[in-house]
Amino acid sequence: MDKIQPLFTATATAIGGRNGHSETSDHIVKVDLSVPKELGGPGKPNTATPEHLFAAGYAACFGGALDYVAKQHHQDASQAEITCSVSIGKRDQGGFALAVNMHVKDKNLSQNDLQAFVKEAHEKICPYSHATRGNIEVMFEVVGK
C-alpha cells in the first residue's frame, strides 16, 4: 500500500446512499443521486450515480497526468480529450465491481508518442490509476495523429 503525505484533501458527505444526496464540505460539488433503472432503481431524471462521479474524476485526473508526462518530454497534451466510461456489474464471487474504459484522443501528438505518454501516465503518475491497479479492469483506446 502506498503511504502519502497529503497535499490536498477533498471531503464529501452522502446521505441516503445511491438514492440520496452527496455534497463536498466546501459546497463546490452538490449532487442528487438515483440508482439507474438498469440496476433496479427509480432512475430519476437529472440525477447522478457514483459511477458518473468516478468517471468525471478519473478523466480529469488522467488528463492532468497525461499533460504532465507530455511536458516532461517537451510536448503538450493540454488539449487531449479524455473520455472515461465506468461500468458497474455483478461479480462472480458476489457483490458488484467496476470496469473502466478510457478513450484518449489528441490529434496534436503522434500515435506512438501519445501511446507512450498514456502508458507512463497510467503506470507512474495518475493517482486514480494507482488506486485501481490490480483491483478493476482498466482498458485504454488511444487515438493520436
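Which residues touch the most other members of the largest nonpolar core? They are Tyr58, Phe62, Leu66, Ile82, Cys84, Met102 and Val104, out of 24 residues in that core. Keep in mind that this is a predicted model, where local features need pLDDT of at least 70, side-chain atom pairs count only at pLDDT 80 or more, and totals for chains, interfaces and linings use all residues. Residues are numbered from 1 along each chain as its sequence is written, and side-chain values use heavy atoms, leaving out hydrogens and water.

**The core**
- A nonpolar core is a set of buried Ala, Val, Leu, Ile, Met, Phe, Trp, Tyr and Cys residues joined through side-chain atoms within 4.5 Å, and buried means under 20% relative accessible area with a 1.4 Å probe, protein chains only.
- Leaving aside residues up to four places away in sequence, Met102 touches Tyr58, Phe62, Ile82, Thr83, Cys84, Met139, Phe140 and Glu141 (contact means heavy atoms within 4.5 Å).

**The hairpin**
- Strands β1 (residues 12-15) and β2 (residues 21-24) pair in the antiparallel sense over 4 bridges; to count as a pair, two strands need at least two bridges found by DSSP.
- Ile15 stands opposite His21 in β2.
- There are 5 residues between the two strands of this hairpin, and Gly16 in the turn has a positive phi of about 90°.

Terms used: Buried means under 20% relative accessible area, exposed over 50%, partly exposed in between (1.4 Å probe, protein chains only).
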